[in-house]
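Here's a short tour of a protein model, written for someone new to reading structures. Have a look at the picture first, and then we'll go through a few spots together.

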Amino acid sequence: MAPSANHELIQSLTRLDSCTVANAIETFDVRLRNLGFTDSSVHCIFGELPPMVGHAVTARVRTSEPPMEGLRYFDRTDWWNHVMTIPAPRIVVAEDTDAHPGLGSFIGELHANILLAQGCVGVVTNGAVRDLRAVRAAGFQMFAGNVSVSHAYAHIYEFGHPVEVGRMKVKPGDLLHGDLHGVQTVPMEIAAKIPDVARKMIEQDQKIIALCRSKNFSIEKLREALKDGKKPRGEE
């Protein structure tokens with residue numbers, strides 16, 4: 001499992017929006033720019049909540065088919081033990097592997113509160129969620145492919161393995177950052193350097209924005225400001 005982020009780093013990343021974090025990650029050239037984040041198939045359910053940062057707890061779920069025997073699937077309470085092996089704060093990343101993901105909801109009010117008690121701050125899934133008002137009141141963030149009224153036959157059948165949600169590949173313990181724009185993985189080898197790079201980028205962007213709003217704005221001044229305000233570049 002990858003090294004975990006300390007409390008100070010978690011707090012620093014929580015103060016940054018996901019677009020700024022994405023911009024800062026790009027400067028290090030540690031991955032291709034079309035990788036490491038969810039696509040538009042996964043939506044932020046509570047866009048008004050602050051950025052979510054935590055370590056990934058991975059699982060694979062199914063919801064559409066009934067069990068071969070009996071009326072329900074076996075409750076995987078061993079899953080709860082696994083959750084606690086991942087450093088806090090934790091984010092559940094649940095890949096719905098059905099042919100048509102999201103028929104039933106894996107996370108609702110009850111499960112959200114169980115996960116909150118285990119130090120989880122949110123869930124990311126290509127499947128469905130429900131009980132939105134109650135979960136929002138609890139302060140639990142959700143990113144999902146859709147909303148479903150029923151849990152149908154929702155059950156975990158595997159956990160603790162790499163998963164893929166919205167084209168974002170995630171391993172257990174990966175550091176995640178998400179807000180209303182989406183979710184991304186934050187490479188641990190550069191994570192500690194991101195807040196400083198982000199701060200410099202914000203300062204430079206604000207200078208350009210101030211010029212654009214100024215009565216003295218001109219294209220010539222904009223070109224000069226862009227030339228002088230070279231973007232900071234991260235170094236490994």
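## Where two helices meet

Let's start with a helix contact: on the α2 side, T20, N23, A24 and I25 touch I194, V197, A198, M201 and I202 of α7. Sort those contact residues by class and you get seven nonpolar, two polar and no charged. Keep in mind as you read on that this is a predicted model.

How are the two helices set against each other, and how far apart are their axes? Helix α2 covers residues 18-26 and helix α7 covers residues 194-213; they pack at an angle of about 105°, and their axes lie 9 Å apart. Angles from 65 to 115 degrees count as roughly perpendicular, so α2 and α7 are roughly perpendicular to each other.

## The second largest pocket

Next, some empty space. Rolling a probe the size of a water molecule over the atoms shows where such space is left. The second largest pocket has a volume of about 360 Å³. It is lined by 19 residues, and the ones closest to its centre are R31, K169, K171, D174 and T185.

Which elements give two or more residues to this lining? They are β11 and α6, the latter being residues 188-191. Strand β11 provides the largest share, with three residues. As for the classes, the lining of the second largest pocket has eleven nonpolar, six charged and two polar residues.

Now look at the backbone between A88 and P89. The peptide bond that joins them is cis, with omega at about -10°. P89 sits in the loop that runs between α3 (78-83) and β3 (90-96).

## Two positive phi values

A152 has a phi near 50°, which is a positive value in a residue other than glycine. You'll find A152 in the loop between β8 (146-147) and β9 (155-159). Is A152 buried, exposed or partly exposed? With a relative accessible area of 28%, A152 is partly exposed, because that class lies between the 20% limit for buried and the 50% limit for exposed.

R167 also isn't glycine, and its phi is positive too, near 70°. R167 belongs to the loop between β10 (163-165) and β11 (168-170). At 44% relative accessibility, R167 counts as partly exposed.

How values were computed
Residues are numbered from 1 along each chain as its sequence is written. This is a predicted model: local features need pLDDT of at least 70, side-chain atom pairs count only at pLDDT 80 or more; totals for chains, interfaces and linings use all residues. Side-chain values use heavy atoms; hydrogens and water are left out. Helices (H or I, at least four residues) and strands (E, at least two) are DSSP runs, numbered from the N terminus. Buried means under 20% relative accessible area, exposed over 50%, partly exposed in between (1.4 Å probe, protein chains only). On a 1 Å grid over the protein atoms alone, a cavity is a set of points where a 1.4 Å probe fits but cannot get out, and a pocket is an open set with protein on both sides within 12 Å along at least five of seven lines; lining residues have an atom within 4 Å of a point. Grid points are joined across faces, edges and corners, and a volume is the space filled by probe spheres set on the points. Ala, Val, Leu, Ile, Met, Phe, Trp, Tyr, Cys and Pro count as nonpolar, Asp, Glu, Lys and Arg as charged, and the others, Gly among them, as polar. Axes are lines fitted to C-alpha atoms, for helices over the stretch in contact, and angles run from 0 to 180 degrees between N-to-C directions. Angles under 35 degrees count as roughly parallel, over 145 as roughly antiparallel, 65 to 115 as roughly perpendicular and the rest as oblique. Contact means heavy atoms within 4.5 Å.
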